[in-house]
Each structure stands twice: as structure tokens, then as C-alpha cells.
Amino acid sequence: MKIAVCIKQVPTREWQPRLNDTKTWIRDQDASYEMNEPDAYALEEGLRLKEKHGGEVVVCSAGPARAAQVLREALARGADRAIHVEDEQIGAADAFVVTEALAAAMREEQFDLVLTGLQSDDQGFAQTGVILAERLGMPHATIIMEVQAADGRLRVKRELEGGWFQWIAMSLPAVLTIQSGINQLRYATLKGIMAAKKKEIRKVAAPAGLSARQRILKLDFPEKGKKTQMIAGGPEEAARELVRRLREEARAL
Amino acid sequence: MTSTVERETLDVDVLIVGGGPAGLSAALKLSQLQKRTGGEPLSIAVLEKARETGAHMMSGAVLDVSALKELVPDFLDRQAPLASEVHEDHIYFLTPGGKLRFPITPAPFRNHGNYIISLNRFVKWLSEQVEAEGIDIFSGFAGREVLYDGDRVIGVRTGDRGIDKHGQPRDNFEPGVDIHAKVTIFADGVRGNLTKELQRRFQLGAGREPQSFAIGIKELWEVPAGRIRPGTVIHTMGYPLNTEEFGGGFVYAMPDNRVFVGFVSGLDYVDPMFDPHVAFQRFKLHPLVRGIIEGGQMIRYGAKALPEGGWNTIPRPYLDGALIVGDAAGFMNSMRLKGIHLAMRSGMLAADAAFEAVNAGDASAARLKRYETLINASPIRKELYPVRNVHQAFGHGFVAGFLYAGIAMVTNGWWFDRMTGHAGQDRIQTIARYYTRRGRQVPEGATQAVKPDRQVTFDKLTNVHYSGTRHDEDQPVHLLVHTEVCESICGPEYNYPCQRFCPANVYEIVTEAVGNRLQINASNCVHCKTCDIMDPYQVITWVPPEGGGGPQYDGM
């Protein structure tokens, strides 16, 4: 099976981001970056499918030069080769632009299966996999918790609300967006890191004329409202008043 | 369990444990020596516990470029990230509300020709130079134990990965790798866990003075425009420390209104209620510093111990099959507040000795002793020997230390061949001795504690958030503590000093019905090593957590 896994490089979560001067994105000079965590699960799932069914895993990323770091990491974990659609503007682009850049580089590869993480840790639109499927002309399924492949067909388990799951049978080729926690991530080994150096990262220019479909008008930090109310009086009286406020004002009871 | 698992092994000529300035300089120098002499290329591997090189790097820092000039002569063309050349030096003696400016800048504090750098950025750049030479840097791998053949060091075993918090292997368990090397260079930093083991096993400190340490706490700020000229270096003495405490503050100004603000406290303080993080907050509240940072924004936080003892405390840095470089050995000049250039040079000299040993097929201590000979003939000794007693003199109080430093400077260090010092943590006094018996009131919290205003001052937990620290939560605690000592002895005697000397809120005393219990918040740990050094009963051992964990000191 020829498997593609799409990976995004995102700012790390253990960090206090600051906004840029126009308040439309974070100040990226302060940020450190890492592999988008849901994509790491997609990669692991791809590697497991390859180990079971044979074939190859190709990791694909659209992003600035620094995104090569997550591709190298994926190669060290066991991916066979990488495609990097390199463009300095694409780091914070919308899913429409990102998928156009990815699809242009991926189309000719004729992948059997394309995996993405469910969503990105930075923008969280959960759209890249879906729009990419449309562009590649493949069916897709989202929020995947389990993947079974046999005889050129897939059975996949989707996570629904309220503890419900749904099994879907679909044909290949297909695009799946993988839910985090579907598997346990492997570590890169020393041999893997050494082998990664010899693996190919094919750099591709982004197609000309990419134009964003959406524009971020303004980013805000959630306001921290400290609304402590002090209740005076003796314990009994105060408790009664607390219950009243919880019931009538907060409607928590 | 771990003795029966099958381990990956790797054989190299030279293994370097630690990807800081010392280790990376050793790697780069080795490849340069190789190129010069030709022949079979050496296989070299560098281990680094951080997720990526530079992530655990934190220093002031003002860089003396003397070693860099030799190692990478075209460092400017190669765009070494030097934030700003130093244009101005100021030294102040602080009083609680005021400052006295030193009329002249003493030579050790003169920084003409030096650069303000982010050590994180600098080391990242250095690692790119090393990787460009085809050398493998394995980041995310911590050296967990030294491998021996008899008494000869033959390499290092990396830490197991994928062990859960109960010590059981998870599905993705990946046993540590045995890396065998002809020569192993230990560059595991201040109070390195492996160097510590070597020092104990081989008595490398015999005949030397005990090492003394300090802790540096630093923040990166962006301040309102026009507050301070880029390239300005400020050092302070005095407030908020008293005369029995060693240390001082610094402010280094970079372009784009970015400023490093930091405070170094000697880990040889006497007051058991002293808290280095509080001293740092007090420093920031002093009008001199507050006037620079107020209204700005804190961007990152970090803390790291530093070896302050100087020349006479450096252990024997060579043994069968191994060399020790950089902060791990204590190559730091506490008088100039600089060690990066010494770390780099020690790495370069170790490379020289290791290269010769590998080519001769003899990595015995007798041959590797050449490293020590090279150090003695190098600018390292020239710089460190004259000021060898300064830190020990400060052990006799600020006035004695200051006078001695002045005399050492003027006379180039003729006075006293060797002044004895104490291991820093030995000076801390019990609550009874420091407070009760002198009729002093024991403070409720730490001495001079500050209520954080979250503008200029912060609590430790907020600060840790800004250090970018992350560890996989499902792993064994990497701070091995004999907790039975806590409540029975250390608590009553010292009032749980770990709560105060840790700058990251790792140690927390939880009061329960049955008594006090030590809770270890290991995932807060910023790998500064202060607890391993400072705890009065020496019952805390810092071991590396799963590789890749720790702070993320971007821009620090």
C-alpha cells in the first residue's frame, strides 16, 4: 500500500504565545515548533499499516523551510521519504491554500491511502484532510479510531458523540483523518535517526497564484474575569445565601 | 527487567555526552583535526537529552569570542547569532533604594569586544556547524549510566524510554542503547549526572577543593522602546543580598527592546529560609531594574546552576577511556562571570587529546593525561589561575571577598597558593542556629518574600509555564529522594528548604492529617540541578528523565 501522511509543523503548546503587531497571528520569532500531535498519530497509524501490508510511507508537509524539522523527525521514526512543499508564507495559511499546495505535489504520486491528523494544534479547523480529499478526488472519513485494510477495501471506525462509534466500509484510494490516541507513538531510534539522513526529502515549490479564502481579522486572548463574590454573615446564613445564588443566579443547582 | 532486554548497540570512535558549547566544540574540532590529517574518517556521536539541541541551554550571556575565533574563524560570515556587541559596561553596588556606580570598570568586568548572545540560539547554530560535518547528533537521548570494562570507561547507556510511572514498560517501550566508544567525552554540564558518578567512583576530586555552585535565574523581556541602549551590560552587587551571601544581578540589552534580566545567588548561603527566586524578584523591584522592565513583557524564564569554585576545584579531568569538559568539570570564571569560552576551549583541547589517543590506539589515562597538560599550557589556566581563590575568599563574607578579588586582580594572583573553601551546601544553618538561638523571628514564608504582582514579579509556577517545560507525565519520577529524611530530620531542622531552593516548584510540602508529605512535581523540573547540589542531607539525586523532556529555552 502506498501511504501518504500529511504533517504540519505547529508552535509548541508549552509556551505563552504573544500576538503580532496587527493582532492577526502569534509572533513567530518567539515560538518554538514541533510536529502537530494529531499528525504524529496519523504517522504512527501509517507506519503500522505499512508493517502489516507492505508498501511505503511518504510524509508530506507544506510550510516554510523550518518545517523540514518535522519531516526529518518522521523519517527517523520510519517513514520512507518526504515531500516538502516549501513556501515561507504557508506557515499560517488557511486549509484551502495548504491543501492546494499539498495536492499539487501529491497528485502524481497516486497514493492508495492518505492520512492526516484530525486537526492542527494551532488553527484547529479540521479541514485539511476533508478539502484535500476533494482536491485529490478521493472519498474520505473523519475522526478515525481504528483502521482495517483488506483486499483493496477499508473498514474504519469513526468516533461519534456521546460514546457512540460508527463503522464505515469504503474503497481505496481514500483519505482518513485520524483521531489522537488511536495508537501509542513509537520513539525514534538511533539507527532510525542515522538512516533518516540518507532518506530523500523532495522539495517542491508551491504552485503559483495561491490565494487565501479566509482572513483572520483579529485574535484575542480570553479575558480573565475575576468575579469573586464574598458572602457575609454567619455560617448558616451564608450557606443559605450561597445556595440561593447558586440556584437563582448561577443556575448551577 | 532491564538486564535481560535486548539492546541496540552502536560502536563509535568518540562519543560526546552532552550537546552544549563544550561538547559541540569538541565534535567540531575532531572533524577539523580529521580533515587536516586525512585518513579513515572518525565516527563521532553526540548525545543530547533535549528534544532539540539548544533547548536546555541557558546562560547570561556575554560571550568572549576568543575560543570561537579559533574554532570557527569565519563565524561572522557564517552568521553566528550574536545579538549585540557590547558597547557599555556599568557596575553598581545596590542599596535597597539606590545605587552606587563604580567610577571605573574593573578589568574582569570590561566587555569590550565581547557579544551579548542567547546561548540557546548560539548552540543551535553551533550544532548546525557540527551536523554540516556529517557528525550524528542524537537529541532526545540522555546518558543514563556509564559503561565500564573493569575501571576503563567504554561508553554510555542511554535511558530507557516508554516506562510508565510505576516503572513498568509500556507498549512502545524502547530500551536504552549501549554506545561503545574508544574515548568518551563527558560534557554533561554543571553537576552532570554521569560526571558525578565518575567523580565518586574514581575520587577525581581528591586533593582538590570541593566544588561550589551558584544558581542563576533569568528572564527574557521585551521592554518599552528607549529604556536601554542595545549593547549595554549592567552588573550589580549588594542588594538584595546581605554581606554573608554571594551573588549579583545582571541586565543585558539586545536590539529590538529585548533584555535579559537575571540574578545569580551563591549556593553557599547560610539562612535556611533564603530563596534565590525571591532574591531575583527583589532585584527586579529595585528602581534600577524596575525602571527598565516595568510596562514590558516577560517572554521566557529559566534557571540553571553554575560551577563557581574555579581553578582549584576542577577535578582530574581524564581517566581510562574518558575526558571531562566544560561545566561538568567546572571550567568557569566566576570573577568574569563567563564560562562559555572556557567550555568551548576545554572541548577543543579534549578533542585534541582524544584524536591523538584514537589514532595511537591507546586511550589509557596515561595518554589522555595530555588533555591536562594542554589545559595547563592554554589560556584556560592563564585566565583561571590568578583568580583561583576569589570564590573561596567570598566565603569569608562580601568585604573579605571583594578585597581579595581586588588584590588578586592587581597582583595577578600571587597571594595564597590555595585558599580552602567548603562545599557550598555545607554552610546552610539550621533554623535553630540561624534564628531561634539568636532570638530572630523565623519568617512565615521565605526570607523577604514578595507577593507577586504579575507585572514585574511572578510566582514560581507562572514562571515555570514561561520556561516551556514539558515531560511525559507517565514516567517514573526522575528525582530520587530519600523521603524518610524529609519529615523526620530535614523538616524540623531546616524547614523543608527544597521548597525554596528549587526555582520551579518541584518540591511541595503537603500537609495531611497524618503529617507533612513531600510531593514531587517532577514534570515542572527545569533541569537546573540545584536540588542535587543544595539539599543539606544530600538525599536528592537528579537522574535524567525520559529523553526529550525538559525546558524549551528558545531565545534564552
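1. Conventions. Because the model is predicted, local features need pLDDT of at least 70 and side-chain atom pairs count only at pLDDT 80 or more, while totals for chains, interfaces and linings use all residues. Residues are numbered from 1 along each chain as its sequence is written, and chains are lettered from A and ligands numbered from 1 in the order in which they are written.

2. Domains of chain A. The domain assignment, whose bounds come from an automatic or database source, divides chain A into domain 1 (2-205) and domain 2 (226-253). The C-alpha centres of these two domains of chain A are 49 Å apart.

3. Helix pair in chain A. Helix H3 (residues 95-106) and helix H4 (residues 128-136) of chain A pack with axes 9 Å apart and at an angle of about 45°; axes are lines fitted to C-alpha atoms, for helices over the stretch in contact, and angles run from 0 to 180 degrees between N-to-C directions. That angle makes H3(A) oblique to H4(A), the classes being roughly parallel under 35 degrees, roughly antiparallel over 145, roughly perpendicular from 65 to 115 and oblique for the rest. Helices (H or I, at least four residues) and strands (E, at least two) are DSSP runs numbered from the N terminus.

4. Residues of that pair. H3(A) passes H4(A) in a right-handed crossing, where right-handed means that the near helix is turned clockwise from the far one by less than a right angle, and left-handed anticlockwise. Among the residues that meet are Phe96(A), Leu102(A) and Met106(A) from H3(A), and Ile131(A), Leu132(A) and Arg135(A) from H4(A); contact requires C-beta atoms, placed from the backbone, to lie within 7 Å.

5. Helix pair in chain B. The axes of helix H1 (residues 21-37) and helix H7 (residues 340-360) of chain B come within 7 Å and cross at roughly 40°, and the two helices are therefore oblique to each other. Their crossing is right-handed. The residues of the contact of H1(B) with H7(B) divide into 13 nonpolar, four polar and two charged, with Ala, Val, Leu, Ile, Met, Phe, Trp, Tyr, Cys and Pro counted as nonpolar, Asp, Glu, Lys and Arg as charged, and the others, Gly among them, as polar.

6. Three-stranded sheet. Chain B has an open sheet of three strands in the order S3-S7-S4, with antiparallel pairing, a pair needing at least two DSSP bridges. Two bridges join S3(B) to strand S7 (residues 115-117) of chain B, and Val62(B) has Ile116(B) as its bridge partner in S7(B).

7. Seven-stranded sheet. A further open sheet in chain B, of seven strands, runs S6-S5-S15-S16-S17-S14-S18 with mixed pairing. Strand S6 (99-101) and strand S18 (297-307) of chain B each have a single partner strand, so one side of each is left without a neighbour in the sheet. The twist averages 20° from one strand to the next. Strand S5 (residues 88-94) of chain B runs antiparallel to S6(B), with three bridges joining them, and Tyr92(B) stands opposite Arg101(B) in S6(B).

8. Interface. In the contact between the chains, 22 residues of chain B touch 17 residues of chain A. On the chain B side, S12(B) supplies the largest share, four residues, and the residues of that side divide into five nonpolar, nine polar and eight charged.

Key:
Two residues are in contact if their C-beta atoms, placed from the backbone, lie within 7 Å.
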